[in-house]
Amino acid sequence: MTAPTPRPAGPAPARPRIVVVGFGPVAARFVDELRPAAAAGALELAVIGEEELPAYNRVLVADLGVGRTTLASMALADPAELAADGIRILTGARAARVDRSRRTVRLADGTGLAYDRLVLATGARAVVPNLTGLNPDPLHPVLPPGVTALRDTHDAARLASAVGGRRRIVVLGGGVLGLEAALAASEEGATVTVVHHGDRPLGRAIDRAGGATLAAALRRQGIRVAGNARSTGLETGPDGAFRALLLEDGSAIDGDLLVLACGARPRTELAEGAGLAVGTGVLVDEGLRALHTEHVFAIGDCAQPGEQAPSGLIAPGWRQADWLAARFRSELLGEPAPAPLGPERAPVILLKARGVNLAVAGEVGTDPWDAFLLENIAGESGPPPLQVSLWSDPEHGAHVKMATRAGVLVGFVALGMPRAAAELTLLFESGAELPADRSVILRLDGPEAALAGGPSAPGGTDPEATLCRCAGVSRGQVQDAVGAGYSTVEDVARRTRAGTGCGGCRDGVREIIEAHFAGAAA
């Protein structure tokens, strides 16, 4: 057998250069998942962040503003640790232009970063409504003093000042972000008014009766709710600061701080300037690659896979980050390729505050007798009919609706019933059938269940059940971390990522910690 002829030595193949534009929660997750490849020297990774601060959890900005969390607890990345793995972090830097022909990102200071693969994680910006007194340019909004949008730590500081001074706060918008900020500020002593356009808060997500019950629950918490109110402009004082929100009917709602909670819009201007296809967000294929490109990808709030509009929720963005990083690791390190990234399920919307607990998802607009009439009209043809069960107690702020097809839960509302909400969330996300006796769900919040005790987190005591839906952390993983000595919610979050998303699972994490150490002390 002839020995192979040795090849002449030459330079090692260049490592692929990956540049990430954006350093929010989704980008931080993507970078964290690529750290093994960076540490192994399989790639060069650079991250461009417009804020001076490294990545933090924006979902908790309102909690920061009312003093319920700290910036350290919200941190999602440690630049020193990333640098130790060879990752270059540029904070306080703005990507001004993408030159696709030269595969270069040009920064606002004129410098450039060359890339082999570009990942856009530019996120979303707050929607600034077209009101008299506000700059209508969505890319360069100029908010007068006393107006904030709760997107970053500067906004949190404005909220903190108003709450600390027990000022009058006007929240414009009846979505989850606005309601959570309103509830938190009211609980901390501020005078709060929520103004929304529709006939009920969370109008796009919740049914009419549930929305009315929610509005009543907000009022019981001391919040003034102004529904069916169309705002037209701002009234400002001699110093140019906000003084009142003007309404279409000629009335005005006085305040010291206006919180804009009118939704968010994907940041696509960089992609548009580069000639990428853009719809609601940057259009990407099933592999998260920007359409008609080879080297550009998009993840998170700025990405639009197929017909799916960006959800604005953190969990889908994290799943995209995990998947794309796994795909890159597969190509660079030889790891198994990830399974195809399937479409997202309808999200579960959570609203948790002292005195108000709400979970809502899926098909909830049909009422019981409407469903009965539709079934009779449709007959035996078509898909399985929608069946709706409803129980409501507006006086005590409780409302539960369950919509099923062939027994499988396809939509639900659970307000003021935390244990029912946890169970329905689990059943909805697993695609499971409801018990034939729907009252079993209601009894979870009854006196017998309360006396029996036990955790109210989704999945009960099942260690395989998902506790943190945002980060995909099971109850068992949290129990293992607590058993290893992680004794605070923040420690468990650093160990498992549980609680680093919307924060809805933090009470469940706390219950596990308390149960473990109570048992150890017994």
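User: In this predicted model, which residue meets Arg267 in a salt bridge?
Analyst: The contact runs between side chains, N to O, at 3.5 Å. That lies within the 4 Å cut-off for a salt bridge. The partner of Arg267 is Glu269.

User: Are Arg267 and Glu269 buried, exposed or partly exposed?
Analyst: Buried means under 20% relative accessible area, and exposed means over 50%. Arg267 has 23% relative accessibility, so Arg267 falls in between. Glu269 has 29%, so Glu269 does too. Arg267 counts as partly exposed, and Glu269 counts as partly exposed.

User: Glu335 and Arg329 also meet in a salt bridge. Which residue of the pair counts as buried?
Analyst: Their side chains meet at 2.9 Å, N to O. Glu335 has 29% relative accessibility, so Glu335 is partly exposed.

User: How many residues apart are Asp116 and Arg17?
Analyst: The side chains of Asp116 and Arg17 form a salt bridge at 3.1 Å, N to O. Asp116 sits in the loop between β6 and β7, while Arg17 belongs to strand β1. The pair therefore links distant parts of the chain, and Arg17 is partly exposed at 32% relative accessibility. The separation is 99 residues.

User: How many salt bridges are found in the whole structure?
Analyst: Some are joined up: Asp32, Arg35, Glu81 and Asp85 are linked in a network. Others include the pair Asp116 and Arg17. A search of the whole structure gives 25.

User: Which element gives the largest share of the lining of the second largest pocket?
Analyst: This pocket holds about 580 Å³ of space. Of its 22 lining residues, Asp32, Ala75, Leu76, Ala77 and Arg494 are the closest to its centre. Elements giving two or more residues are α1, α3, α4 and α15. The largest share, six residues, comes from α1.

User: How many residues of that lining are charged?
Analyst: The lining of the second largest pocket includes ten nonpolar residues and two polar ones. Asp32 and Arg494 are among the lining residues closest to the centre, and Asp and Arg count as charged. The charged residues number ten.

User: How far apart are the end C-alpha atoms of helix α7?
Analyst: Helix α7 has 13 residues, 208-220. At 1.5 Å a residue, the helix should span 18 Å, which agrees with the model. The end C-alpha atoms are 19 Å apart.

User: Which residue just after α7 takes a positive phi?
Analyst: Within α7, buried residues include Gly210, Gly211 and Leu214. Just after the helix, phi is about 90 degrees at Gly222.

Terms used: Residues are numbered from 1 along each chain as its sequence is written. This is a predicted model: local features need pLDDT of at least 70, side-chain atom pairs count only at pLDDT 80 or more; totals for chains, interfaces and linings use all residues. Side-chain values use heavy atoms; hydrogens and water are left out. On a 1 Å grid over the protein atoms alone, a cavity is a set of points where a 1.4 Å probe fits but cannot get out, and a pocket is an open set with protein on both sides within 12 Å along at least five of seven lines; lining residues have an atom within 4 Å of a point. Grid points are joined across faces, edges and corners, and a volume is the space filled by probe spheres set on the points. Helices (H or I, at least four residues) and strands (E, at least two) are DSSP runs, numbered from the N terminus. The expected span of a helix is 1.5 Å times one less than its number of residues. Buried means under 20% relative accessible area, exposed over 50%, partly exposed in between (1.4 Å probe, protein chains only).
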